[in-house]
Amino acid sequence: MYVTPEQIQAANKATVETFLAVANAQFTALEKLTSLNTTVVRSAFEDSIANTRALVGAKDVQEFVGLQNAFAQPAIEKAIAYSKSVYEVATQTNTEFTKATERRVTEWNENFVSLLDKAAKNAPAGSDVAVSAVKQMLAAANSAYDNFNKVTKQATEIAEANVAAASETVKGLTKAKKAA
């Protein structure tokens, strides 16, 4: 049972492909966040200029205070939208990392089982019990890994639902405050 140069080359290629996929996902996330931040900063700057001009043109204190209160609503909505966008980028990036990890774990499991099978063929008589025990441990580890992934996905779904509910609550509060 020897490792051939082709097997080493295939393993190295798979590792490099995984690394490149993760690097690409990171770069894409960075690009999205940079674009988002640039847009938000530009919008905030333009809003502050418009708000300052409006405040300077206020005729009395009551109008000044009314303008300030009117500016709060869009600022809160923009902050919520920004937070939601950042959360979406983080979720997408996490999904890409999870896919890459799952691919590598699957490949590793397949390679390990193949190695065990080869070892079992060349092993002395009676070692099939040990090979079977290792395979059972691997199956148990895979089951635990799958359960962990399911729990993580459920937690992510709950967090997404909470973010959506919080966004709607804040929107409802700001609309109620605006109506009052």
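Predicted model: local features only at pLDDT ≥ 70, side-chain atom pairs only at ≥ 80, totals over all residues.
When I call a residue buried, I mean that its relative accessible area is under 20%, while exposed means over 50% and partly exposed means in between, with a 1.4 Å probe and protein chains only as cover. By that scale Thr15, at 39% relative accessibility, counts as partly exposed.

Residues are numbered from 1 along each chain as its sequence is written, and side-chain values use heavy atoms, with hydrogens and water left out.

Let me begin with the overall layout. The chain has three helices and zero strands, where helices (H or I, at least four residues) and strands (E, at least two) are DSSP runs numbered from the N terminus, and the order of the elements from that terminus is α-α-α. The radius of gyration of the chain, taken over C-alpha atoms, is 28 Å, well over the 16 Å that the globule rule gives for 180 residues, so the chain is more spread out than a compact globule; the rule itself is 2.2 Å times the number of residues to the power 0.38. Along the principal axes, the C-alpha atoms fill a box of roughly 95 × 35 × 15 Å. Of the 180 residues, 12% are buried.

If we count contacts, meaning heavy atoms within 4.5 Å, then among those with a separation of 6 or more, 77% are made by residues 24 or more positions apart.

Now to helix H1, which covers residues 5–56 and contains Thr15. The expected span of a helix is 1.5 Å times one less than its number of residues, and for the 52 residues of H1 that should give 76 Å, which agrees with the 75 Å between its end C-alpha atoms. The buried residues in H1 are Ala14, Thr18, Ala25, Ala29, Leu36 and Leu55, and what covers them includes H2. Gln26, also found in H1, is partly exposed, with a relative accessible area of 46%. From C-alpha to C-alpha, Gln26 and Pro5 are 31 Å apart in space and 21 residues apart in sequence.

How far does helix H2 reach from its first C-alpha to its last? H2 takes in residues 61–122, 62 residues in number, and reaches 91 Å, close to the 92 Å expected. Its buried residues include Leu67, Ile80, Val89 and Leu116, but also Gln73, Thr91, Thr93 and Asn109.

I would like to stay with Asn109 for a moment. Asn109 lies in H2 and is buried, with a relative accessible area of 13%. Which residues is Asn109 in contact with, leaving aside its neighbours within four places in sequence? They are Leu138 and Asn142. The C-alpha atoms of Asn109 and Asn142 are 8.5 Å apart, although the two residues are 33 apart in sequence.

Finally, a word on charge. Counting Lys and Arg as positive and Asp and Glu as negative, with His and the chain ends not counted, the chain has 19 positive and 19 negative side chains, and the centres of the two sets lie 3 Å apart. Each charge is placed at NZ of Lys, CZ of Arg, CG of Asp or CD of Glu.
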